[in-house]
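Hi,

Here is the structure I promised to pass on. Have a look at it first, and then read on for what turned up.

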Amino acid sequence: MKRLTVFLLSFALLLSFTACAAEENPQTEATTEPAASTQEQAGEQPASDAKILIAYFTAAENSDVDAVSSASVVTVNGEAKGCVQAVAEMIQEGTGGDLFSIQTEFDYPGNIGALIEYADGEQARNERPALATHIENLDDYDVIFIGYPNWWYDMPMAMYTFFEEYDFAGKTIIPFNTHRGSRFSSTISTIAELEPDATVIEDGFTFPGDNAADAAKDVAAWLEELEY
């Protein structure tokens, strides 16, 4: 009888100890919180919360003829638009960002042959065309998508004026462009040199200018990869 009593008391103590241990070390899913993302741990703003600006330069909006007659124009939903403008608007649709058209005080030739010749001379002279439009509230934005055509394996010289006008320190720059076979050339590294204190994303979006009206699916896939 004594042995039975001792056994029952020992068993009761064992059950009590096990229950206390479970309460001190709960492992249920309801009390387990996921770890913060690397971005949150670093105190950075998630891409989805970033304030976005889409700045772009397109020949059609800087031409001495109307957009319909200008070089580098595509038709989107029945409307004539500059190639880079068409891509910029697709990025706006995907991100909800604000659009900004980089425009010069000088009108470029509307004829494609004359435009190519002028752009070559402008580059040789290392010109800085004066800008007619200016970003008034740059401090409001965290991410700047910047678009331009590829002219003679480089950005249009107006883009050099643009980058010299603004300090993008602490901001993220995401390039996109249209081309006729040259893609980005070395323009992304040039942007990084011009804006050394900005984060310049190397995975930019480049698309043949003549096909820009059909770029929507590719733009959407690219934005998804960037998590925008």
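How many salt bridges does the structure hold? There are five, where a salt bridge is a side-chain nitrogen of Lys or Arg within 4 Å of a carboxyl oxygen of Asp or Glu. Before the details, please note that this is a predicted model, in which local features need pLDDT of at least 70 and side-chain atom pairs count only at pLDDT 80 or more, while totals for chains, interfaces and linings use all residues. Residues are numbered from 1 along each chain as its sequence is written, and side-chain values use heavy atoms, with hydrogens and water left out.

**Salt bridges**

Lys-81 is buried at 11% relative accessible area, whereas Glu-89 is partly exposed at 22%. (Buried means under 20% relative accessible area, exposed over 50%, and partly exposed in between, with a 1.4 Å probe and protein chains only.)

Glu-127 and Arg-125 form another, at 2.3 Å between the closest N and O atoms. A further bridge joins Arg-128 to Glu-164 at 2.8 Å, N to O. Arg-128 sits in the loop between α4 and β5 and Glu-164 in helix α5, so this pair ties together parts that are 36 residues apart in sequence. (Helices, H or I with at least four residues, and strands, E with at least two, are DSSP runs numbered from the N terminus.) Both partners are partly exposed, Arg-128 at 33% and Glu-164 at 49%.

**Nonpolar cores**

The largest nonpolar core has 32 residues, and Ile-102, Ile-146, Met-159 and Ile-173 are among those with the most contacts inside it. (Such a core is a set of buried Ala, Val, Leu, Ile, Met, Phe, Trp, Tyr and Cys residues joined through side-chain atoms within 4.5 Å.) β1 (52-56), α4 (112-124), β5 (143-149), α5 (157-165) and α6 (187-194) each supply at least two of its residues, and α5 gives the most, with six. Apart from this core lies another, of 25 residues, including Tyr-56, Cys-83, Met-90 and Val-219.

**A surface patch**

(Patch residues have over 30% relative accessible area and no salt bridge, with like charges joined within 9 Å and nonpolar side chains, Val, Leu, Ile, Met, Phe, Trp and Tyr, within 5 Å; accessible areas come from the Shrake-Rupley method with a 1.4 Å probe, and for residues only the protein chains shown count as cover.) Trp-152 lies in the loop between β5 and α5 and is partly exposed, at 39%.

Best wishes
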